[in-house]
Amino acid sequence: MSLPTPTLHTARLRLRPFDDADADDLFALHSNAHVLRYWDSPPWTEPARAARFLAVCRQLAEEGTGARLAVERGADGAFLGWCTLNRWNPDYRSASLGYCFGEAAWGHGYATEAGRALLGWAYETLDLNRVQAEADTRNVASARVLEKLGFVREGTLREDCIVNGDVSDSWVYGLLRRDWQP
């Protein structure tokens, strides 16, 4: 069962399916060690990784397990990052939210705005009951985004990742449909 990747618009942003022209922007984002300092994999060192990322985007849609969207500023089309809804399970009416934004986008509310748009689509179109997200416990800014979106911290996964050689914990967040406020 396929899941068509939507194009969503907010006051300042456009969330759209990825295309091959995004490869350079993706590589720049994912090769930045500062951006990925809390990520569960090292920064990219090969531009070919972007092509594999784009193939996974298409695969998510084809398999019907999620949607990964490029996020660009509406005013000038500048690539800011991406957000995703993956691990969609129609039987459990659940999925997971994730995102990654470049440093130039930090502190402007873009992640919150994009997350809100994607969650609106998820709850309205996919009829979800629960969305889950995780954040490295050191990534206070990401935790703040999730809390602004209405997520509740439900627990800690102790030592669940090794990030840049450091063992790290992750917070698990959940947002139930009854608590969602568009």
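**Cysteines and the nonpolar interior**

Author: The sulfur of Cys-100 lies 11 Å from the closest cysteine sulfur, that of Cys-83, which is too far for a bond. This is a predicted model, and the reasoning rests on a cut-off: a disulfide requires two cysteine sulfur atoms within 2.5 Å. Cys-161 is likewise in no disulfide, since its nearest cysteine sulfur, in Cys-100, is 14 Å away. The count of disulfides by this rule is zero.

The surroundings of these residues may be considered next. Cys-100 has a relative accessible area of 4% and is therefore buried. Cys-161, at 18% relative accessibility, also counts as buried, because the limit for a buried residue is under 20%.

In soluble globular proteins, nonpolar side chains tend to be buried together. Here the largest nonpolar core has 39 residues, and those touching the most other members are Leu-15, Leu-85, Leu-97, Phe-101, Trp-121, Leu-128 and Phe-151. Among the elements that give two or more residues to this core are the strands β4 (79–89) and β5 (94–101) and the helix α3 (110–125). The greatest contribution comes from α3, with nine residues. Leu-85 illustrates the packing: leaving aside residues up to four places away in sequence, Leu-85 touches residues including Ala-95, Leu-118, Trp-121, Ala-122, Leu-126, Leu-128 and Val-131.

Cys-100 itself belongs to a second, separate core of 14 residues, which also includes Phe-18, Val-35 and Phe-79.

Technical notes: Residues numbered from 1 in each chain as written. Predicted model: local features only at pLDDT ≥ 70, side-chain atom pairs only at ≥ 80, totals over all residues. Heavy atoms only, no water. Buried < 20%, exposed > 50% of the residue type's maximum accessible area, 1.4 Å probe, protein only. Core = buried A, V, L, I, M, F, W, Y, C linked by side-chain atoms within 4.5 Å. Helix = DSSP H or I, 4+ residues; strand = E, 2+ residues; numbered from the N terminus. Contact = heavy atoms within 4.5 Å.
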